[in-house]
Amino acid sequence: VPRKTAVLITGCSSGIGEAAALRLLKCGFLVFATVRRAEDAEALKVKAGKNNQLHVLLLDVTRDDQIKAAVEAVNQRLSQDGRKLLALINNAGYAEFSAVEILPLPSLRKQFEANVYAPVNVTRAFLPLLRSAASPSHSARLLFVSSIGGRIAFSGNAAYSSSKFAVEAIADAFRMELKRWNIHVSILEPGAIGTSFNTRTANQLSANWDTVTASDVEPAVLQSYERSKNALLRSIDRVPQENVSICVDAIEHALLDSHPQARMLAGWTSFILYLVLAVPSEVSDRLAGAMYA
Ligand SMILES: NC(=O)c1ccc[n+]([C@@H]2O[C@H](COP(=O)([O-])OP(=O)(O)OC[C@H]3O[C@@H](n4cnc5c(N)ncnc54)[C@H](OP(=O)(O)O)[C@@H]3O)[C@@H](O)[C@H]2O)c1
């Protein structure tokens, strides 16, 4: 780890963010880990064995006031310790699943707030710190945790996939724009990983379904969507999930390697869906459809 450096990771209450925070502490970084709730902050500190190199901040990434407060807190701690913010990991995110015809528009907007506008906002706020950390010997690092869903969509995941497609386009543009300041941008594209994500996605799918009423669409149409929703719930449950450590390995590579990859697949589901991209849509629709729903 380059000397006297720090990293900030969003969405560390569980899953990939939590595992990355704990691993990067072990690597020797000062870690700023963000969560939304005070109880999650306490739980993370305990998991880290009260390590004083862990600084947990409360941050809902969709809130401007909290982003501003986080930048101030990070600035203060960095100048106290004489450290630089070498890396920002935009990890916080979630999925809104529903067939497009009955997807509540507020859910689509909320999805883009959390998965697209928030990482843009967070990145802009921390860019001055990243810029000042970049050195000729080690570029600063900006990482977006996207998904293989950021490359390929399937039935029921339009909101989530479109948000990840969008964030990948933004990350690609950032990579070209920030190169001149020696800030390297990577995108992580996990497949199915064993975190709270699947349960939360299933809950979100059910919650969206519960808002749909018979007055929205004809009863026969609704029945047909109900069958798809139930099939999707079953397949969310069925797809084997891989260990979160494969994502953390990729994150470590993105932060520490002298030539980090621009895009990193994580897990075999990610790899298979990536291969599916190579065939014409008429075929890939059937292949992706066979995996989900
Ligand atoms: N697991 C997978 O299969 C998978 C696959 C592809 C991509 N991903 C991506 O990986 C990232 C991490 O997901 P995960 O698998 O670790 O799932 P997870 O265990 O559900 O963790 C998601 C994290 O994001 C946080 N979050 C969500 N909305 C937020 C907001 N508005 N402000 C702040 N934090 C917010 C959650 O905080 P709360 O606890 O406060 O809600 C939680 O800490 C996400 O971007 C997800 O899209 C996951």
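This report walks through the fold of one protein, from its overall dimensions down to a few single residues.

The model is a predicted one: local features need pLDDT of at least 70, side-chain atom pairs count only at pLDDT 80 or more, and totals for chains, interfaces and linings use all residues. Residues are numbered from 1 along each chain as its sequence is written, and side-chain values use heavy atoms, with hydrogens and water left out.

## The whole protein

Let's start with the big picture. The protein's secondary structure comes to ten helices and seven strands. Here helices (H or I, at least four residues) and strands (E, at least two) are DSSP runs, numbered from the N terminus. With a radius of gyration of 20 Å, close to the 19 Å that the globule rule gives for 293 residues, the protein is as compact as a globular protein of that length. That radius is taken over C-alpha atoms, and the globule rule is 2.2 Å times the number of residues to the power 0.38.

How much of the protein is tucked away? Of its 293 residues, 49% count as buried. Buried means under 20% relative accessible area, exposed means over 50%, and partly exposed is in between (1.4 Å probe, protein chains only). The accessible surface comes to about 13,700 Å², and 54% of that belongs to carbon and sulfur atoms. Such areas come from the Shrake-Rupley method with a 1.4 Å probe; for residues, only the protein chains shown count as cover.

A contact here means heavy atoms within 4.5 Å.

As for charge, there are 31 positive and 27 negative side chains, and the centres of the two sets lie 8 Å apart. Lys and Arg count as positive and Asp and Glu as negative, while His and the chain ends are not counted. Each charge is placed at NZ of Lys, CZ of Arg, CG of Asp or CD of Glu.

## Strands and their partners

Now for the strands. Two of them pair if DSSP finds at least two bridges between them.

| Pair | Bridges | Sense |
|---|---|---|
| β1 and β2 | four bridges | parallel |
| β4 and β5 | four bridges | parallel |
| β6 and β7 | four bridges | parallel |

In a regular strand the side chains alternate between the two faces of the sheet. Take β2 (residues 30-35): six of its six residues are buried, so the strand is largely enclosed by the rest of the structure. Leu30, Phe32 and Thr34 sit on one side, with Val31, Ala33 and Val35 on the other.

Leu142 is the bridge partner of Leu88.

Strand β7 (residues 263-266) has one covered face, made by Met264 and Ala266, and one uncovered face, made by Arg263 and Leu265. Arg263 is the bridge partner of Ile187.

## A few residues up close

Ala140, in strand β5, is buried at 0% relative accessibility. Leaving out residues up to four places away in sequence, Ala140 touches Leu86, Leu130, Ala134, Asn182, Ile183 and His184.

One of those, Asn182, is found in the loop between α5 (158-178) and β6. Asn182 is partly exposed, at 31%. Its phi is near 60 degrees, a positive value in a residue other than glycine. Most residues other than glycine have a negative phi. Lys4, in the segment before β1 (5-9), also has a positive phi, near 55 degrees. Lys4 is partly exposed at 41% relative accessibility.

Which residues does Asn208 contact, apart from neighbours within four places in sequence? They are Glu96, Phe97, Ser98, Leu103, Pro104 and Ser107. Asn208 belongs to helix α6 (residues 197-211) and is buried, with a relative accessible area of 3%.

Finally, Ser284 lies in helix α10 (residues 281-291). Ser284 counts as buried at 10% relative accessibility, and beyond residues up to four places away in sequence it touches Val276, Val279 and Gly289.
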